[in-house]
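Here are my notes on this model, point by point. Please keep the structure open while reading.

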Amino acid sequence: MRIAIDAMGGDFAPEKIVTGAVMAAESLPGIDALVLVGDENAIRHELRKARQVPASIEIFHASEVVEMDETPAQAIRRKKDSSISRAMDLVKAGKADAMISAGNTGAVVVAATLKLRTLAGVERPAIAAVMPSPAKPFVLIDAGANTDCPPKLLFQFAAMGHVYSNKILGQANPVVGLMSVGAEDTKGNEATKEAFRLLSESKLNFKGNIEGNDLFRGEIDVVVCDGFVGNVILKTSEGLAHAISVWIKKEFTQNPIRMLGALFLMGAVRAMKTHVDSETYGGAPLLGVNGVCIICHGSSSARAIVHAIRAARDAVKFQINDLIILAVGGAP
């Protein structure tokens, strides 16, 4: 198995990307090669910091970088030799089984859609973000790739999320919920009402409409929505988690007595941070394209890159795309 990694994408590239790749090469079995795509000199500079460069690490030079503030479609058209484009080209040519990027999300989606195309039966790809709940993680799909979605797309998202939850997160019969403004089947806009009908008639384990306060109860495995709603949910959840962390730190340092009490609670605080740490889920897969593509947060650490590589490896190993084709009813 060969995995291409955009070494130049992200707020801390190439340092954290290269470090993460080295860590993954040393700790994750089942990977033949990790191909670092980007400026060769910059990549080699970071590799020299490692005690020993694993034999599975390779370099593929790319002279350009898609910046975070660039318009995705224009960047992919104009920067043919960008690290995102070249990593995607490796997957398209069959020289890599998957690609990973912490760079411009829109550019990754555009490059994957144009170069890899969508799977049979899939009209548009969707970002599947894995999010924590007190009981178990759940899949939020779509988390930002498509802002306007007809009912048929929402059904396809549900089918793809079902496959990912089942094979990667280990849920035997994933429970699917449709985001709406009320639990009743009469609630929502015209798209969600029709999507409700399609999902009700499917073989999926469809619970029905769910609301925002259902997200973190641990009862739903796949949360289905359009990318506009999904991205708002994702960013709001990230912001709230950060705010809670700040509040806890502020309250624990108000006076010496609270600081002393915090010492006794430190183990519990660390455990809580582990449960809500998004980096442990390895980025968000772009489901529905003819290849495996993992999109990481722009601020990804080396540890996050390791988990993203693991997620890519597992998606290839479990042949996620073949299962998605069957789930959405596309011809093999």
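1. Leucine 240 has 46% relative accessibility, so this residue counts as partly exposed (buried is under 20% relative accessible area, exposed over 50%, partly exposed in between, with a 1.4 Å probe and protein chains only). Leucine 240 sits in helix α8, residues 227-252.

2. This is a predicted model: local features need pLDDT of at least 70, side-chain atom pairs count only at pLDDT 80 or more, and totals for chains, interfaces and linings use all residues. Numbering starts from 1 along each chain as its sequence is written, and side-chain values use heavy atoms, with hydrogens and water left out.

3. Leu240, Ile244, Val246 and Trp247 make a nonpolar surface patch of about 390 Å².

4. Helix α4 covers residues 83-92, and seven of its 10 residues are buried. They are Ser83, Ile84, Ser85, Ala87, Met88, Leu90 and Val91. Just after α4, glycine 94 takes a positive phi of about 80 degrees.

5. Helices α1 (residues 15-27) and α2 (residues 40-47) have axes that come within 9 Å and cross at roughly 55 degrees. That makes α1 oblique to α2 (under 35 degrees is roughly parallel, over 145 roughly antiparallel, 65 to 115 roughly perpendicular, the rest oblique). The crossing of α1 and α2 is right-handed.

6. Helices α6 (residues 151-167) and α7 (residues 190-200) pack at about 50 degrees, axes 8 Å apart. That makes α6 oblique to α7. The crossing of α6 and α7 is right-handed.

Key
Helices (H or I, at least four residues) and strands (E, at least two) are DSSP runs, numbered from the N terminus. Patches are made of residues with over 30% relative accessible area and no salt bridge: like charges are joined within 9 Å, nonpolar side chains (Val, Leu, Ile, Met, Phe, Trp, Tyr) within 5 Å. Accessible areas come from the Shrake-Rupley method with a 1.4 Å probe; for residues, only the protein chains shown count as cover. A salt bridge is a side-chain nitrogen of Lys or Arg within 4 Å of a carboxyl oxygen of Asp or Glu. Axes are lines fitted to C-alpha atoms, for helices over the stretch in contact, and angles run from 0 to 180 degrees between N-to-C directions. A crossing is left-handed if the near helix is turned anticlockwise from the far one by less than a right angle, and right-handed if clockwise.
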